[in-house]
Amino acid sequence: METSNGHQKIVFGEFRLEGEARTLWRDKEEIHLARRPFEVLRFLIENRERVVSRNELFDKFWDGHDVYDDALRQTIGAIRHTLDDTKKPPRFIETRYGIGYRFIGAVSEEEAEKGRKGDEEKKTVGSNGWQLAERANGSEPANNKGQRTKDENQIPHSAPVKRPVFFTAFAVCLISLLALSFFAYRRQTSNAAPKMLVESIAAKRSIAILPLVNLTGDAANDYLSDGITESLINEVSRIESLKVISRSSAFQFKDKNASAQEIGEKLGVETILEGSLKQSGDRLRVEARLVNAKDGSVFWASDSQERKPADVFAIQDGIVCQLVTELKVKLCGEVAPSERYTKNVKAYQLYLQGLYYRNRLGAEDLKKAIDFYNQALQIDPNYALAHEGLASVYAVMELNSMAPPGSVAPLAELHANKALELDDSLAGAYLALGVVKTLQNYDLAERERYYRQALLKNPNHRTAHLWLSNIYTARGEFEKAEAEALRAQEIDPLSFGVRLTLEDLYFYWRKPDKTIEQAELVLVAEPDNQQAFAYLAQAYAQKGNFAKAFAICEKLSPEISPLPFVLAAAGRAGETRKFAEAYAQSDGAKNNPYYVARGYALSGDKETAFAWLEKSYAARQADLISLKIDPYLDNLRDDARYQDLLRRVHLAD
């Protein structure tokens, strides 16, 4: 009973689905459901007399492209979450394992009849009518593959351009914690980017290094297995002729029983390094295998002798040496010897614990990371990686207003310089210097030089590409910004951080349809993602769809809600003043005078807005780099004081 009548209204339980408006309601409240899950739900309802097979859903909603079960599972999961249908037995969506899905809820007979009357209409417009309409609007996802890579290992994604959220410092620290599904990675829209370049990589010249499986019997050793894995990724990613998948995407397969073929397809690589960490008494054994991602065959297996913990550095170097020889990218003698390792095993373990907490990226986690790095340096003051780790954490804290402006920048510079003095190949140290050495003068040209130096040292450094993208965004060079973000996506195809960077870019670029597209891809994989909903609200406000924007704001916590922006866009700028005044009195205002200025700018109070912008400039706040392109400041652009500020931060045309 396939019906594709866009005018139908289908009532089931407390829900009402309206096809023409593409809206879903719970009683009198409109609830958000992304485009593809909405279409799948409607199709299941219309065909509720039978079980709809998985293959049929793939053919209809993914155009028969080669997609994986994760895409469909997450789409069904988004539907169930929206309908509060996650308990057993199900109310609406029944899973027939290995077969497909069936809608089992009771549907209003009156509305169902209207749907059946649409059958004949459907035959004239085609059963794929909604998808055809999507393509006409340029929103049908294309079968893109990953773009150039990033090294998640270094600095968490944080950039000179902040998230467009009113109250909080922009939460770039989600990168290691959050990941997009393969569906989100594969299904970019046809007008969203240059095509991904996976197909152009020669066989055995691209690799994903998967997390070593901790087989020591003690979960507390995860920091060790994860840390060794990250060290391997760092070392191998320095090889220019080899594409290396970033930590963020590689670690999505931790504790997952995925085949080599599936991993290769999802990450766009020809080879995979996998292995395990074992412990017997006081001795360790690291086993590693280089696997052909096409058929799962093993190219090479490492020496698996049991060794003392002090030999862990030799184990890592041996694996890297054998790996690059097997891949024929460089001979071992041509790979620059690493001077970064401490000879003290205890210092190394403390460093790995710092790395573990840095990758978790919460504010308290970063404080713990600082503590572990400092403990490592107490044992070995010349431990270059620990210095780089501290520089990275302090730079992130500075960029994200996690400390008073300027308070931790000197520490970031101190440790970055020391790291480079010990080893000038550390890309993360160049990134940290690019931030802190340009805070006083906002010299983006100098900052770009540091970022490009990082890429010379590590061409697979995903964060360097992202931060370079943000420089271009701040300048208003949006096409260049998009290209760099997509290069980062090739290296880190499953990363939420990259997707959120694209949302940032399109918001500042005033391309709301692209912002919506990216946000909905995030929500397919993470239906409760607050940042994605905040972007959706802002994008709908930019499009003039204020009903949807306000409805989304009602579901968001006050800390992340863009309600002031939506109110101002709807012509109610005066109502935003109370938000600005409240934030100005909060503790957050001490670290974020720029955000206070945004609120007053939205309210139309130019005098107070400029007063807070001057506070931001006096503190050399990193956020001020968004001055040229920030939609929150549009009310100030015709004022001579605005042009003066642009000149002072090197952003004047």
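Let me begin with helix α12, residues 345-360, and helix α13, residues 363-379, whose axes lie 8 Å apart and which pack at an angle of about 165°; helices here are DSSP runs of H or I with at least four residues, numbered from the N terminus, and the axes are lines fitted to C-alpha atoms over the stretch in contact, with angles running from 0 to 180 degrees between N-to-C directions. Please keep in mind that this is a predicted model, in which local features need pLDDT of at least 70, side-chain atom pairs count only at pLDDT 80 or more, and totals for chains, interfaces and linings use all residues. Residues are numbered from 1 along each chain as its sequence is written, and side-chain values use heavy atoms, with hydrogens and water left out.

Because angles over 145 degrees count as roughly antiparallel, that is the word for α12 and α13. Where they are in contact, meaning heavy atoms within 4.5 Å, the residues of α12 include Leu-350 and Tyr-357, and those of α13 include Phe-372 and Ile-379.

Is each of them buried (under 20% relative accessible area), exposed (over 50%) or partly exposed (in between), using a 1.4 Å probe and protein chains only?

Finally, for the whole chain, buried residues make up 60% of the 653 residues.

Technical notes
Helices (H or I, at least four residues) and strands (E, at least two) are DSSP runs, numbered from the N terminus. Angles under 35 degrees count as roughly parallel, over 145 as roughly antiparallel, 65 to 115 as roughly perpendicular and the rest as oblique.
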